[in-house]
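Subject: Handover of a structure and findings

Dear colleague,

Please find below the structure that I am handing over to you. My findings follow it.

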Amino acid sequence: MTEAPDGSGHSRTVEVERKYDVDAATPLPQWQGIPGVDAVSDAEVRELDARYLDTADAALSRAGVALRRRTGGPDAGWHIKGPREGDGRLEIGWPLGDDESIPDAVSEVLSRWTTEELTPLARIENTRTAYLLTGPDGVVAEFVDDRVRATDLRGGIEREWREWELELGPAAPADEAGRAELFAAAERVIFAAGARDAASGSKLARALGY
């Protein structure tokens, strides 16, 4: 769920999502019986290209933090994804800027974890097909089908895979029990289609072989 940018020019998002591994030919889920969902949008294809940075000794990764500059899609920009808290993860975003240098505002937030030099860590290119699951009050969840091409820039290793993500939207239940019911219903159709629980916690971790 995203808050509009404030006077500082950045946005804050608390992501509540789950990830699933799928094979290249796994068919999409048939969305039926999902609480509060009465329609699924047409597919929206997004070409995403993200560059991740970290210190030489992986200070950000060790703190559970990721820094990326991503182009493409509705949230292109600089993003700091903070440590996981409960079932969510805070993401702070800023505009791309005029060049690829790290904006001062981003460095200021990063100083909580490190002030050391940041260098390229990984590149993740992703052909994303997104679908909105909507109900009477708006977007209940966003489902994305990702075909990922990743390069470990320090190890020189390339990897490719396909995964799905289901992220709660503004009209999702606010209470823990309601969220659990929504995920349970969604996962019945997701697993029925042939998906598995994700073996890796994030695209960055998988790009680096974790």
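How many salt bridges does a search of the whole structure find? The search gives 21, a salt bridge being a side-chain nitrogen of Lys or Arg within 4 Å of a carboxyl oxygen of Asp or Glu.

Before the details, a note on the basis of the values. The model is predicted, so local features need pLDDT of at least 70 and side-chain atom pairs count only at pLDDT 80 or more, whereas totals for chains, interfaces and linings use all residues. Residues are numbered from 1 along each chain as its sequence is written, and side-chain values use heavy atoms, with hydrogens and water left out.

Strand β3 covers residues 17-22; helices (H or I, at least four residues) and strands (E, at least two) are DSSP runs, numbered from the N terminus. Of the 6 residues in β3, 5 are buried, where buried means under 20% relative accessible area, exposed over 50%, and partly exposed in between (1.4 Å probe, protein chains only). β3 pairs in the antiparallel sense with strand β11 (residues 157-168) over 6 bridges, and also with strand β12 (residues 196-197), antiparallel again, over 2 bridges. Two strands are said to pair if DSSP finds at least two bridges between them.

Asp21 stands opposite Glu163 in β11 and opposite Arg196 in β12. The side chain of Asp21 also forms a salt bridge with that of Arg206, at 3.0 Å from N to O. This pair links distant parts of the chain, since Asp21 is in β3 and Arg206 is in helix α4 (residues 203-207), 185 residues apart. Asp21 counts as buried because its relative accessibility is 8%, while Arg206, at 26%, counts as partly exposed.

Further salt bridges

Asp146 and Lys203 form a salt bridge whose closest N and O atoms are 2.8 Å apart. Here too distant parts of the chain are linked: Asp146 lies in strand β10 (residues 138-152) and Lys203 in helix α4, 57 residues apart. Both Asp146 and Lys203 are buried. Through shared partners, salt bridges join Lys19, Arg128, Asp146, Glu163, Glu165 and Lys203 into one network.

Glu125 and Arg123 meet in a salt bridge of 3.3 Å, N to O. Glu125 has a relative accessibility of 24% and therefore counts as partly exposed; Arg123, with a relative accessible area of 25%, is partly exposed.

Nonpolar cores

The largest nonpolar core has 23 residues, a core being a set of buried Ala, Val, Leu, Ile, Met, Phe, Trp, Tyr and Cys residues joined through side-chain atoms within 4.5 Å. Among the residues with the most contacts inside this core are Tyr20, Trp31, Phe143 and Trp164. At least two residues each come from β3, β9 (119-135), β10, β11 and α3 (176-192), and α3 gives the most, with 6 residues. Ile34, another residue with the most contacts inside the core, is in contact (heavy atoms within 4.5 Å) with Leu182, Ala185, Ala186 and Val189, leaving aside its neighbours within four places in sequence. Apart from this core lies another, of 12 residues, including Tyr52 and Val148.

A buried glutamate

Glu91 is located in strand β8 (residues 88-94). Glu91 counts as buried because its relative accessibility is 5%. Leaving aside neighbours within four places in sequence, the contacts of Glu91 include Arg12, Arg68, Asp75, His79 and Lys81.

Yours sincerely
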